[in-house]
Amino acid sequence: MNPFRLIRSSNPESSASSAADAVGSALHQAGRGDEKAFGRFYDLTAAMVHGIVLRVVRDPGMAEEITQEVFLEIWRLAPRYEPSRGSAKSWAATIAHRRAVDRVRSEQSRRRREEADGRKDTAAFDSVSEIVDDEFERERVVKALASLSETQREAVSLAYYGGHTYREVAALLEVPEGTVKTRIRDGLIRLRDTLGVTNDI
């Protein structure tokens, strides 16, 4: 039965009813394994199904893919179709809408997972980067300290790593406080030059 001939009928209500009958009949026969009938059902409903899916997913490529899935599902479920629960077109439209919504939800979940994974990767990268930077700086400082004289290194280490004041360093080293200040000052100047620091000391 040609659906276009039915649509061009002079009585619109009669035409719609006949088209619905044609869709229902095709689906009923498809449910019994009639592939030709399923082909007719496809011809009668493909535009509607595709339109519903496209309105939901808004992606033509994805809409085509989902439309194929919808018809596969319809072919599989056709034996279970019950005309008493609604028209065949409504049944197909419900399946199409549900499939499209499921795909949208699935895509949203996938994107959220990927974004979360991306944030984890970035955080991990930042953490590793900071550790590498810290380690690099530590090695530079150790090398710079090695360039100091023993007395300078001792005074600088007690003052900056030991947290002692000039007076305490002087007492610990048993030298005048002025000597400690000179050693630390000279040591810091050498460290600055070795590390390439531009600030004045």
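## About the model

Because the model is predicted, local features need pLDDT of at least 70 and side-chain atom pairs count only at pLDDT 80 or more, while totals for chains, interfaces and linings use all residues. Residues are numbered from 1 along each chain as its sequence is written, and side-chain values use heavy atoms, with hydrogens and water left out.

## The nonpolar cores

Let's start inside. A nonpolar core is a set of buried Ala, Val, Leu, Ile, Met, Phe, Trp, Tyr and Cys residues joined through side-chain atoms within 4.5 Å; buried means under 20% relative accessible area, exposed over 50% and partly exposed in between, with a 1.4 Å probe and protein chains only. The largest core has 26 residues, and Phe41, Val53, Val70 and Ile74 touch the most other members. Two or more residues each come from helix H2 (12–30), helix H3 (35–57), helix H4 (60–77) and helix H5 (88–146). Helices here are DSSP runs (H or I, at least four residues), numbered from the N terminus.

Apart from this core lies another, of 14 residues, including Leu148, Ala155, Ala159 and Leu188. In soluble globular proteins, nonpolar side chains tend to be buried together.

## How H3 meets H4

The axes of H3 and H4 come within 9 Å and cross at roughly 140°. Axes are lines fitted to C-alpha atoms, for helices over the stretch in contact, with angles from 0 to 180 degrees between N-to-C directions. H3 and H4 are therefore oblique to each other (under 35 degrees is roughly parallel, over 145 roughly antiparallel, 65 to 115 roughly perpendicular, and the rest oblique).

The contact (heavy atoms within 4.5 Å) includes Phe41, Thr45 and Val53 of H3 and Val70, Phe71 and Ile74 of H4. Its residues divide into 16 nonpolar, 3 polar and 2 charged. For this count, Ala, Val, Leu, Ile, Met, Phe, Trp, Tyr, Cys and Pro are nonpolar, Asp, Glu, Lys and Arg charged, and the others, Gly among them, polar.

Thr45, in helix H3, is buried, with a relative accessible area of 0%. Leaving out residues up to four places away in sequence, Thr45 touches Val23, Phe71 and Lys89.

## Two loop residues

Most residues other than glycine have a negative phi. Arg58, in the loop between H3 and H4, has a positive phi near 60° and is exposed at 72% relative accessible area.

Glu174 sits in the loop between helix H7 (166–173) and helix H8 (177–195). Its phi is also positive, near 60°, and Glu174 is exposed, at 74% relative accessibility.
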